[in-house]
Amino acid sequence: MSEKHLQTGDELPAYGGKMRLFAMRFCPYAERSVLVLNAKNLQYDLVYINLDQKPEWIFNFSPKGTVPALEYGQGKAIFDSNIIIVYLDEKYPDVPLQSTDPLRRAEDKMLVEKFAGAQSAYYTAAFNAPALRPDMVETYHKGLEMLQKEIENRGTKYIHGNEPGLVDYTIWPFLERFLALPLLGKNEFAIEKTKYEVLTNYIEAMKNVPAVKSYCLAPETHAKYIESRAKGNPDYNMLDTSAVCCMRPRKKKE
Ligand SMILES: N[C@@H](CCC(=O)N[C@@H](CS)C(=O)NCC(=O)O)C(=O)O
C-alpha cells in the first residue's frame, strides 16, 4: 500500500484479491469509508488518486472520477461514501454500526443532514476565504451546537451509543478538519472548551477510537494540506510514505 497518489499515465496496480478503496489521503468522504473498513476489521487495499490529474482507470470504478469508490470484487465497484458505508455495514454485519431501530436510523440521517451547513462553512473558510460571510460562521456554530445537544440528549459516549457507529464515522472526518481552521487564522471557527465541553470530550473520545487513531491526521497536517490546495497546488504526497498512524505531524529528521 503506497501513500503516493497515482495520476494520469500511471498504471492501475495489480488486483491483490482484497477489496480496494480508491481514495485521496485528505478527502473527508474517503475517510468515512476507511474508518468503517477499520472498525469492521476488514482486509483491504488503498489506492490513492491525484484528483487534479486523474488516472484514466478511475472512471471504470467511479463514473464521475470522484473518491471514494470501493472495488468490492475484481473490476466491480460502488461509489459515494454514504452508499459505501451502508453497503459495508449490511454486507459485514459482525460488527453492526447502525441501530436496529428504523426511527433511530432516520434520526441519525437527519443529524448528518443538519450538520451539512457546518461542513459547507468549513469548505468556504478553508478553500475560498474571500467568500466567507458572517452568516456562514453562524451556521457553523449552529451545526456544532446542534451536535453537542444531540450527544447530551442521547446521553451516550458516542452519537451511536457506547461504541461509535456509522453516524460517528460520517461526521468525524469533518470535526477532524475543523480543528485546523484556527491554525489558518480562522479563530472564529475555534471549538472552545468553555462553550463546547460535551463536544470537546466527544472529540477526544473519537481520537482514541482505534479505527480513527490509525488514520486521523493532526490539525497541523490538515492545515498544511489546506494551504497547499487553497493556493491551487494541492500537495497530495506531502506525507511520509508511512505517516498514516499519527495524531501529530512527524518531525523531519535534522
Ligand atoms: N458525495 C460524495 C462526495 C465525494 C467527493 O466530493 N470527493 C472529492 C474529494 S474530497 C472528489 O472526488 N473530488 C474530485 C472531483 O470532484 O472531481 C461522497 O460522499 O462520496
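**Salt bridges, domains and core of a predicted model**

Let me begin with Lys18, which at 32% relative accessibility counts as partly exposed, where buried means under 20% relative accessible area, exposed over 50% and partly exposed in between, with a 1.4 Å probe and protein chains only. This is a predicted model, in which local features need pLDDT of at least 70 and side-chain atom pairs count only at pLDDT 80 or more, while totals for chains, interfaces and linings use all residues. Residues are numbered from 1 along each chain as its sequence is written, and side-chain values use heavy atoms, with hydrogens and water left out.

The side chain of Lys18 meets that of Asp45 in a salt bridge, at 3.7 Å from N to O; the term stands for a side-chain nitrogen of Lys or Arg within 4 Å of a carboxyl oxygen of Asp or Glu. This pair links distant parts of the chain, 27 residues apart, since Asp45 is in strand β2 (residues 44-48) and Lys18 in the segment before β1 (19-23). Helices here are DSSP runs of H or I with at least four residues, strands are runs of E with at least two, and both are numbered from the N terminus. Asp45, at 22% relative accessibility, is also partly exposed.

In total the structure holds 11 salt bridges, and another of them joins Glu71 to Arg20 at 2.6 Å, N to O. Because Glu71 lies in strand β3 (residues 69-73) and Arg20 in strand β1, this pair ties together parts that are 51 residues apart in sequence. Glu71 is buried, with a relative accessible area of 2%, and Arg20 is buried at 3%.

Arg154 belongs to helix α5 (residues 134-154) and Asp108 to helix α4, so parts 46 residues apart in sequence are tied together. Both Arg154 and Asp108 are buried, and together with Glu150 they are linked in a salt-bridge network.

How is the protein divided? There is a domain 1 (19-95) and a domain 2 (102-213), with bounds that come from an automatic or database domain assignment. Their C-alpha centres lie 23 Å apart, and the contact, meaning heavy atoms within 4.5 Å, takes 15 residues from domain 1 and 12 residues from domain 2. The area buried between them is about 1100 Å², with 62% of it from carbon and sulfur atoms; buried area is the accessible area (1.4 Å probe) that two parts lose on being put together, summed over both. Pro28, Arg32 and Leu35 supply 44% of what domain 1 buries against domain 2, more than any other three residues. The count between the two domains is 1 salt bridge.

Finally, the largest nonpolar core has 80 residues, and Phe115, Tyr169, Leu175 and Phe178 touch the most other members; such a core is a set of buried Ala, Val, Leu, Ile, Met, Phe, Trp, Tyr and Cys residues joined through side-chain atoms within 4.5 Å. Helix α4 (residues 102-127) gives the largest share of this core, 9 residues. Domain 1 and domain 2 both contribute residues, so the core lies between them. Which residues does Leu175 contact, leaving aside its neighbours within four places in sequence? They are Phe115, Leu144, Leu147, Tyr202 and Ile203.
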